[in-house]
Amino acid sequence: MMHVCILVAVHIVKTGYESLQYLLSRDVLEQIIEEFIDKYDIGYIRHVRTAAESSSTRKRQMIDYDRERASKCVRSDWFCSVPRFDDRQFERTFRLKRSMAENIVSNLANFDPFWLSSVDCCGRMSIDPLVKFLAAQKMICYGVSYSAFKDYFQMGESTARLCLQKLTRGIVKCPSISAIYLRAPTKSDAKNVVALHRKVYGVDGCLGCLDVTKIHWSACPVAWKGQFEGKEGYPTIGLEAVADYNLWIWHNAFGFAGTLNDINIWDRSPLLESMLDGTHDKLDFKFVIDGEEFDQLYYLVDGIYPSLSRFLATINDPTTNLDCFFAPKQEGWRKAIERAFGVLKKKFLSIGTRCLLYHCEDMFYLVTAAIVMHNMMVHERIALDERENESFYDIGDEQMDVTSTEHDDDANSEEGSSVSVQNAVGNFDMSNVKDSMMKYKIIQKRWKKLYSEENSIRLQDAVKKYVFKKHYGDDGSLDISAMADDYDPLTF
């Protein structure tokens, strides 16, 4: 194009125009260029020039979305006095009850102005908050792209992406929602859960089931696949969770690389950290199994986990009659966490099939928000089931005590570096300890108590004997020691 300009300038000089002012006219310049093209037979330049200009000035097509139509459709279909679809169809479509959806939008409106109706700078009404919510909720439930429902909800991909981010972050960060459905268990919660498992499993002291599942991350960068691609053959991110028999998820930790197994994830788990810093000890209370007293609540785990005093694991290779009786019992109890993962992934296909999000932070909020909504439905199911206690997961007026009764005197009488290591083991607040060496000794003492294979075997033996006696009846005629002999399938 530079060469063409030079040739045009040469043509002007040869033609000889008298006044420079005359050349400043656009019409005259276009006439000169036309004469130049015709004289030198380079008409193809006109075509190339036009195509280049059209490609450089081409803009993205502006779509005029009808927000009012989307609002009318959503309200007439789902949220009017006589909606087209009933409550059952709403729950099957959006995995939530209609009242829950309205409650979430109401709480988010008080937390984030994004969920309020407003007028933009052009005088148009903003997108209806209910339209924003249902659009984001459908993406969570069905794991589709941002443009899948643009015809019904009348919004572009960037707006749909923003709605999804605002919804997931709002559910996790909004205090009125997360304080109920994402809370850590209190001592009263621990007593309720232990009583539930005592009724269902017949064994005391069980606080839930612990396990790990993997979430498929389809948008993982190629450079990171070596770190996130594990045995599944595709990039994944690990989710560690604890669930009770009713499938309420009490603990969740997300963000572990897919190449890590359950042991590696446990070494990085915040649950392990709470056991070492004394936070978890606030939930403990004494209980008795087969005549033996224990003071630490425990979790049901599979055989890959280490032997901890708080873990009741199955027996991978049972060799005695008693082991063969106990192993399927424990594995059946532990299916609660597998059911919880299955229900969670079936409800919300965005984490059950392939997660289309690009950033790990967005995935964290997506998974956590799905857990919150899952717990909402668990609470509703318990409330509607007449056989269950509807106040099972309600928060009491009293907050959990900072320290337990057994250790109140120790924690109040000695603070800072003057506290002894013996008194520090238990429900002691380490924030009062200023000496780093004292903190190290306290954690080391707790570590030895937690990673005690002797206490783990003691718990397992007590549960095995108790379950066997309960099944066959304890009339004094059973010889438990004989059950410890080698397993013989012909005699058992």
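User: Does Asp281 count as buried or exposed, and at what relative accessibility?

Analyst: The general idea is a cut-off: buried means under 20% relative accessible area. In this predicted model, Asp281 has a relative accessibility of 10%, so this residue counts as buried.

User: Where is Asp281 found?

Analyst: Asp281 lies in a loop, with helix H15 (270-277) on one side and strand S4 (287-289) on the other.

User: Which side chain does the side chain of Asp281 join in a polar contact?

Analyst: That of Arg310, at 2.8 Å.

User: Turning to helix packing, at what angle do helix H5 and helix H8 pack?

Analyst: Helix H5 (residues 67-79) packs against helix H8 (residues 129-142) at about 75°, and their axes are 9 Å apart. Angles of 65 to 115 degrees count as roughly perpendicular, so H5 is roughly perpendicular to H8.

User: Which residues in H5 meet which residues in H8?

Analyst: From H5 come Ala70, Ser71, Val74, Arg75, Trp78 and Phe79; they meet Leu130, Val131 and Leu134 in H8. Sorted by class, the contact of H5 with H8 has seven nonpolar residues, one polar and one charged.

User: What pLDDT does the chain average?

Analyst: pLDDT gives the predictor's confidence in each residue, from 0 to 100. Here the chain averages 81, and 75% of the residues score at least 70. Residues 44-49 have pLDDT below 50, and this stretch has five contacts in the model beyond near neighbours in sequence.

User: How many contacts beyond four places in sequence does the model have for residues 397-428?

Analyst: The model has 46 such contacts for residues 397-428, where pLDDT stays under 50.

Conventions. Residues numbered from 1 in each chain as written. Predicted model: local features only at pLDDT ≥ 70, side-chain atom pairs only at ≥ 80, totals over all residues. Heavy atoms only, no water. Axes fitted to C-alpha atoms, helices over the stretch in contact; angles between N-to-C directions. Helix = DSSP H or I, 4+ residues; strand = E, 2+ residues; numbered from the N terminus. Parallel < 35°, antiparallel > 145°, perpendicular 65-115°, else oblique. Contact = heavy atoms within 4.5 Å. Nonpolar A, V, L, I, M, F, W, Y, C, P; charged D, E, K, R; others polar. Buried < 20%, exposed > 50% of the residue type's maximum accessible area, 1.4 Å probe, protein only. Polar contact = N/O pair within 3.5 Å; in protein donor to acceptor, adjacent residues only side chain to side chain.
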